[in-house]
Amino acid sequence: MKTLRIGIIILLIGVSLLFATNMRTKTMKISTAANAPMALGPFLLEPRQTIIVLTSETPDNVTIHVVPSKNWEATQNISLANPVFTASGMRRLYAVTFRLETRGVYYFVVTMPNGTLIDEPALKFEQTGLAQDLYMISITATIIGMAITTYNSLKFIIKRKRGNISLFHA
Amino acid sequence: MKSRFLELMSWELRDNWSFPILEIAIAITVLQAMSFSTFTHRDGVDPEVWIHFFEGTLFVLVISVAMVFGRSFGESIEKRKLIVLLSYPVSRARLFFAKYLTNFLMLFSIFGSSLLAQGTSLFLFDGVVRSMSWSYAFLYLLLEVFFVSSVMTLFALLTKRFGLSILIFLVFMFGIQYWIPRNYTGEDPISYLSIDFACPFSVTYLEARFVNWLGLNGGTQVMMSIPDICFLAGLTYMLGGGLVLFLASLVIMKRMDLD
């Protein structure tokens, strides 16, 4: 019966985490601006749909890069920082959507076509949808919990048919 | 002697944490702790994520403590289970310690696991939150569970009733939380009587102390806006208050008339 109870606990953890992940899908919109030519952030981002809107006036079409914080802090150079996402040809109020693959700390770097940081960058971003890693963990826990519970319940039912055993106090 | 104490703990686990009490407590804690924690805020990384944890879990903690300790002490007196247990034979003090310790450890492990889950997800954001800060968060969670458990134990033993003790406890806990004025700059000692306020601010205070002590901030001192008196007020209230209530409960348990 101990295994059955462990299975139920794992199943409940999975289901409640699935609910929690679903409840986290509504996030606040975050506006951010810098007073000088610099990278915006760092921000803790989750692996889900990310929308970025450029809100500052730009003299030309600019490029927005999403750069892992470690890379940016080590190099401070966009050509060496290996951005995980790049959107070029952006102007004021242009929006871009992409799916971030890995949970982590990121900077937003806005550059001119020649690679220099633009003055006083400002943008708005929002993350929507299910966080993929939490979703996967919850699904995995639910499946494992369900398998353990089903197996032990069947075992218990077969045992009960052979003799009288009361549930959870056997 | 030792095995008898463990037997009492095991009996308490079977009786008080039987299906589906543990399952419900775990499910609600996961929901509460993971649903509303946001790791990003307007100005960038929010290193004080445990503020959301303490805010988010206080309600669940109070309800869980009310149910668990209310059943363990209030209901067992009401239904005369305590008399049966005392005929084991076992001293009242030993029974009290066994019941209190079992429930306290179970609750701390449930909420501790939840804090650990949040911490683990944050460790994916390597280096954002110091592991020492999480250790302090665990310490304050321990104090929080201890204080709330002691309050409920006292009410349960005073009233000897399950329902009544829960009612008084909920009015006391949420009433106190509601009526204490809060100064969000963290400079008012009175605010620290509110436990979901005191915990994160005290963790911030301890972290700043730790960083300054070891010179981790590149030799420069971290500015601390929280005065020592505020930190001490929170610590005295939770640890000192919890201890006084715990001892008062023990005295009541030893002297109370069970007939």
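In helix 8 of chain B, the buried residues are B:I195, B:F197, B:A198, B:C199, B:P200, B:F201, B:S202, B:V203, B:T204, B:Y205, B:L206 and B:E207. Here a residue is called buried if 20 or more other C-beta atoms lie within 10 Å of its own, exposed if 12 or fewer do, and partly exposed in between, with C-beta atoms placed from the backbone. Helices (H or I, at least four residues) and strands (E, at least two) are DSSP runs, numbered from the N terminus. The model is a predicted one, in which local features need pLDDT of at least 70 and side-chain atom pairs count only at pLDDT 80 or more, while totals for chains, interfaces and linings use all residues. Residues are numbered from 1 along each chain as its sequence is written, and chains are lettered from A and ligands numbered from 1 in the order in which they are written.

Helix 8 of chain B covers residues 195–214, and its 20 residues reach 28 Å from the first C-alpha to the last, close to the 28 Å expected at 1.5 Å a residue; the expected span is 1.5 Å times one less than the number of residues. Just after this helix, B:G215 takes a positive phi of about 65°. Helix 9 of chain B, residues 228–255, has 28 residues and reaches 39 Å between its first and last C-alpha atoms, close to an expected 40 Å. A kink of about 25° is centred on B:T236 in helix 9 of chain B, where the bend at a residue is the angle between axes fitted to the seven residues ending there and the seven starting there. The buried residues of helix 9 of chain B include B:G234, B:M238, B:L245 and B:S249.

Helix 6 of chain B, residues 131–159, holds B:F155, and B:Y140 is found in helix 6 of chain B as well. B:F155 counts as buried because 26 other C-beta atoms lie within 10 Å, and B:Y140 is buried because it has 24 C-beta neighbours inside 10 Å. Leaving aside residues up to four places away in sequence, B:F155 touches B:S165, B:I168 and B:F169, a contact being a pair of residues whose C-beta atoms, placed from the backbone, lie within 7 Å. B:F155 and B:S249 are 94 residues apart in sequence, and their C-alpha atoms are 8.5 Å apart in space.

Chain B as a whole has nine helices and two strands, and from the N terminus on its elements run α-α-β-β-α-α-α-α-α-α-α. Of its 259 residues, 42% count as buried, and among contacts in chain B between residues at least 6 apart in sequence, 78% join residues at least 24 apart. The peptide bond from B:F19 to B:P20 is cis, with omega near 5°, and B:P20 is placed in the loop between helix 1 (2–16) and helix 2 (21–35) of chain B. The peptide bond from B:Y88 to B:P89 is also cis, with omega near 5°, and B:P89 lies in the loop between helix 4 (81–86) and helix 5 (92–123) of chain B.

In chain A, the domain assignment, which is automatic or taken from a database, gives domain 1 (2–22 + 133–162) and domain 2 (27–128). The C-alpha centres of these two domains of chain A lie 41 Å apart. Four strands of chain A form an open antiparallel sheet in the order 1-8-3-6, two strands being paired if DSSP finds at least two bridges between them. Its edge strands, strand 1 (30–33) and strand 6 (95–99) of chain A, each pair on one side only. Strand 1 and strand 8 (residues 122–128) of chain A pair in the antiparallel sense over four bridges, and the bridge partner of A:T32 in strand 8 of chain A is A:L123.

Four strands of chain A also form an open antiparallel sheet in the order 2-7-4-5, with strand 2 (40–45) and strand 5 (85–90) of chain A as its edge strands. Strand 2 and strand 7 (residues 104–111) of chain A pair in the antiparallel sense over four bridges, and in strand 7 of chain A the bridge partner of A:F43 is A:Y106.

How values were computed. Contact = placed C-beta atoms within 7 Å.
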